[in-house]
Amino acid sequence: MPPALRLLDPVPLDRAAARRLWMRAQRLDSHAPFGDGPHAVKAAVEHLGYVQIDTINVVERCHHHILYSRIPAYRRADLDTAQREHRSVFEYWTHALSYVPVRDLPFFLPEMKRRRSAPAAWFGAVTAAERARVMKRIRTEGALTLRDINDDVLVEKTHAWASRKPSMRALQQLFLEGALTVCERRGMLKTYELMERHFGWERRPRMASERQVLDYRLDRALRAQGLVSLDSVCHLDAPGKGPMRALIEARVARRALVPVALEGADRLEHWARPESLDALPAEAVAPRVHILSPFDPLIIQRRRLTLFFGYAHRFEAYVPARDRVLGYFALPVLVGDRVAAAIDMKADRAAGRLVLRQRTDFGAALGPDERVALDEALHRFERFQLARGDEGARASPDPAAGAWDLPPAGGA
């Protein structure tokens, strides 16, 4: 570390304070922090930086679930409106396929350019003729889904996640390169459109520079995490750590960031903005209850979650049944600033109910008020699961009473 940086003594921070800082940054410490409706979706995605998309549909898919956790009156139609009509969010790759804010699109253009010059190996079989054919159809016929393409001759897969339809691989490649964008999504069925036509551009936004992308990624992490490490800023991006460290050290040198000595972190370095530490409330987080998706930004970085909360989440959907501990699709339950339980559940939409298959408790037993709050949260969560796309979390049938009466499977 340069000598100038060694003059800054790290600010000591215990884990309880670190949790408050992170939960405030994630907007999980207040009620309806973004309001409601499509504008709340825009505000939430802009603040978080991304909302992950995943195909698993045991309970509501994670992109809807993540937004519901921060927008109590969230309706699935609000996300559709934000994407298709308001065009305030779009889909692209972060550490995974995600919704990201349209305002941030210039910071993704360099990656789109890189993918044009060096496509991933599993797109190697896509021919120029296949790309041209797909582009011509969309240009002349308008936006289309894969189901609209029924004249493909199927081929053998070149990758486990690849499609046997040449047109699907061409669509995916053109999407990653920024020639196409997803203008609408129905479940997991995507509608592809020319990017310029979808956004109504006469000219593309100016592409961000490499330094601007670095600044963006660090600022995004500071906004959504409060307290950051190299691992948390460069999640699943080990090659990016070198340039990011240099940027962090430059900000420390000019006192825009301060090093933090986090309790229990050992040699793992953390940093925060001085104003974030100054504004940190001394009191504990209000005992709000959140039933979180395993893909929630608070949960997805497992090492960070364990350090801050003392809870090691296991995602067991791909684990053999005999080896599962928490269950097939366990959802962490946040009560105040602690993970009090994980509940494996499934939405039985045909029967109109939420099935709780297993509950695993952690730490001290819940008090009477906490049990009531958690039961109410489960009732609200069930109503959200059963609501239709144009309904909010309050618009579906009343659930059966006693949702929290499921016997615990064990503790940790």
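Reader: Where in this predicted model is Asp-266 placed?
Author: Asp-266 has a positive phi of about 55 degrees although it is not a glycine. At 75% relative accessibility, Asp-266 counts as exposed, because exposed means over 50%. Its place is in the loop between strand E9 (258-262) and strand E10 (270-272).

Reader: Is Leu-236 buried or exposed?
Author: Leu-236 is found in the loop between helix H11 (230-233) and helix H12 (241-253). Phi of Leu-236 is near 60 degrees, a positive value in a residue other than glycine. Its relative accessible area is 68%, and the cut-off is over 50%, so Leu-236 is exposed.

Reader: How does Arg-302 count at 25% relative accessibility: buried, exposed or partly exposed?
Author: Arg-302 belongs to helix H14 (residues 302-309). Beyond its neighbours within four places in sequence, Arg-302 is in contact with Pro-294, His-313 and Phe-315. Buried requires under 20% and exposed over 50%, so a value of 25% makes Arg-302 partly exposed.

Reader: What separates the C-alpha atoms of Arg-302 and Ala-312?
Author: Arg-302 lies in helix H14 (residues 302-309). Along the chain, Arg-302 and Ala-312 are 10 residues apart, while their C-alpha atoms are separated by 6.6 Å.

Reader: How are H2 and H10 oriented to each other?
Author: Helix H2 (residues 15-25) and helix H10 (residues 210-225) pack with their axes 6 Å apart, at an angle of about 110 degrees. Leu-21, Trp-22 and Ala-25 in H2 meet Arg-223, Ala-224 and Gln-225 in H10. The residues of this contact divide into 4 nonpolar, 1 polar and 1 charged. Angles of 65 to 115 degrees count as roughly perpendicular, therefore H2 and H10 are roughly perpendicular.

Reader: How far apart are the end C-alpha atoms of helix H15?
Author: Among the buried residues of H15 are Leu-374, Leu-378, Phe-381 and Phe-384. What covers the buried residues of H15 includes helix H4 (62-68), helix H5 (76-85) and strand E13 (338-348). With 19 residues (368-386) at 1.5 Å a residue, H15 should span 27 Å, which agrees with the distance between its end C-alpha atoms, 27 Å.

Technical notes. Residues numbered from 1 in each chain as written. Predicted model: local features only at pLDDT ≥ 70, side-chain atom pairs only at ≥ 80, totals over all residues. Heavy atoms only, no water. Helix = DSSP H or I, 4+ residues; strand = E, 2+ residues; numbered from the N terminus. Expected span 1.5 Å × (residues − 1). Buried < 20%, exposed > 50% of the residue type's maximum accessible area, 1.4 Å probe, protein only. Contact = heavy atoms within 4.5 Å. Axes fitted to C-alpha atoms, helices over the stretch in contact; angles between N-to-C directions. Parallel < 35°, antiparallel > 145°, perpendicular 65-115°, else oblique. Nonpolar A, V, L, I, M, F, W, Y, C, P; charged D, E, K, R; others polar.
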